[in-house]
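Here is a friendly briefing to read alongside the model. Please have your viewer open as you go through the points.

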Amino acid sequence: MFEHSLCLGAYLFCLGIYGLITSRNMIRALMSLELMLNGVNINLITFSSFLDSEEIKGQVFAIFIIAIAAAEAAIGLAIVLNIYRNRNSIRIDQFDLLKW
């Protein structure tokens with residue numbers, strides 16, 4: 001069970017990295033970032049339950065990561081919607097709003 005959980009977490013993390021590197025769409029990049037965070041959560045909970053089953057340190061860190069991911073998703077989607085209103089595109093290579 002331990003190895004399967006670690007492999008699942010590593011697979012989700014690698015899938016998220018691949019999606020983040022190859023995506024041109026900002027929504028897809030945000031979803032890939034969420035996959036990476038979920039892979040880290042699975043590994044944190046797995047290591048926490050394997051190394052010390054009486055304490056809940058991994059679960060507490062996972063809850064913090066979930067809260068940060070929710071805030072990141074809300075702020076990221078707000079930024080994407082604002083850029084879409086101005087440029088009518090959500091492609092990453094067309095984000096040049098901050099350039100002089």
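Predicted model: local features only at pLDDT ≥ 70, side-chain atom pairs only at ≥ 80, totals over all residues.

Residues are numbered from 1 along each chain as its sequence is written, and side-chain values use heavy atoms, with hydrogens and water left out.

**Helices**

- Helices here are DSSP runs of H or I with at least four residues, numbered from the N terminus.
- Helix 2 (26-51) has 26 residues and reaches 38 Å from its first C-alpha to its last, close to the 38 Å expected at 1.5 Å a residue; the expected span is 1.5 Å times one less than the number of residues.
- Helix 3 covers residues 57-87, and its 31 residues should span 45 Å at 1.5 Å a residue; the end C-alpha atoms are 44 Å apart, which agrees.

**What is buried, and under what**

- Buried means under 20% relative accessible area, exposed means over 50%, and partly exposed lies in between (1.4 Å probe, protein chains only).
- In helix 2, the buried residues are Ala 29, Leu 30, Ser 32, Met 36, Gly 39, Asn 41, Asn 43, Thr 46 and Ser 48.
- The cover over the buried residues of helix 2 includes helix 1 and helix 3.
- In helix 3, the buried residues are Gly 58, Ala 62, Ile 65, Ala 69, Glu 72, Gly 76, Val 80 and Ile 83.
- Helix 2 is included in what covers the buried residues of helix 3.
- As background for reading such lists, an α-helix has 3.6 residues a turn, so residues three or four places apart point the same way.

**Buried residues and their contacts**

- Contact means heavy atoms within 4.5 Å, and the contacts below leave out residues up to four places away in sequence.
- Ser 5 lies in helix 1 and counts as buried because its relative accessible area is 16%. Ser 5 touches Ile 42, Asn 43 and Thr 46.
- Gly 16 is also placed in helix 1, and with 0% relative accessibility Gly 16 counts as buried. Gly 16 touches Ser 32, Leu 35 and Met 36.
- Gly 16 and Leu 81 are 65 residues apart in sequence, and their C-alpha atoms are 22 Å apart in space.
- Ile 65, in helix 3, is buried at 18% relative accessibility. Ile 65 is in contact with Leu 37, Val 40, Asn 41 and Leu 44.
- Between Ile 65 and Phe 50 there are 20 Å from C-alpha to C-alpha, with the two residues 15 apart along the chain.

**Surface and partly exposed residues**

- Which residues make the nonpolar surface patch of about 320 Å²? Phe 13, Ile 17, Ile 21 and Val 40 do.
- A patch is made of residues with over 30% relative accessible area and no salt bridge; like charges are joined within 9 Å, and nonpolar side chains (Val, Leu, Ile, Met, Phe, Trp, Tyr) within 5 Å. Accessible areas come from the Shrake-Rupley method with a 1.4 Å probe, and for residues only the protein chains shown count as cover.
- Helix 1 (residues 2-22) gives the largest share of the nonpolar patch, three residues.
- Tyr 84 is found in helix 3 and is partly exposed, with a relative accessible area of 43%. Tyr 84 touches Ser 89 and Ile 90.
- Tyr 84 and Phe 95 are eleven residues apart in sequence and 9.9 Å apart in space, C-alpha to C-alpha.

**Salt bridge**

- A search of the whole structure finds one salt bridge, meaning a side-chain nitrogen of Lys or Arg within 4 Å of a carboxyl oxygen of Asp or Glu.
- Glu 55 and Lys 57 form the salt bridge, with their closest N and O atoms 3.2 Å apart.
- Glu 55 is partly exposed at 37% relative accessibility, whereas Lys 57 is exposed at 54%.

**Annotation from the record**

- In an unreviewed entry, UniProt lists residues 6-23, 35-51 and 63-84 as "transmembrane region". UniProt positions are given in the numbering used here, feature names are shortened, and annotations may be inferred rather than shown by experiment.
- In the model, residues 6-23 are 94% helix and 0% strand, with end C-alpha atoms 25 Å apart; strands are DSSP runs of E with at least two residues.
- Residues 35-51 are 100% helix and 0% strand, and the end C-alpha atoms lie 24 Å apart.
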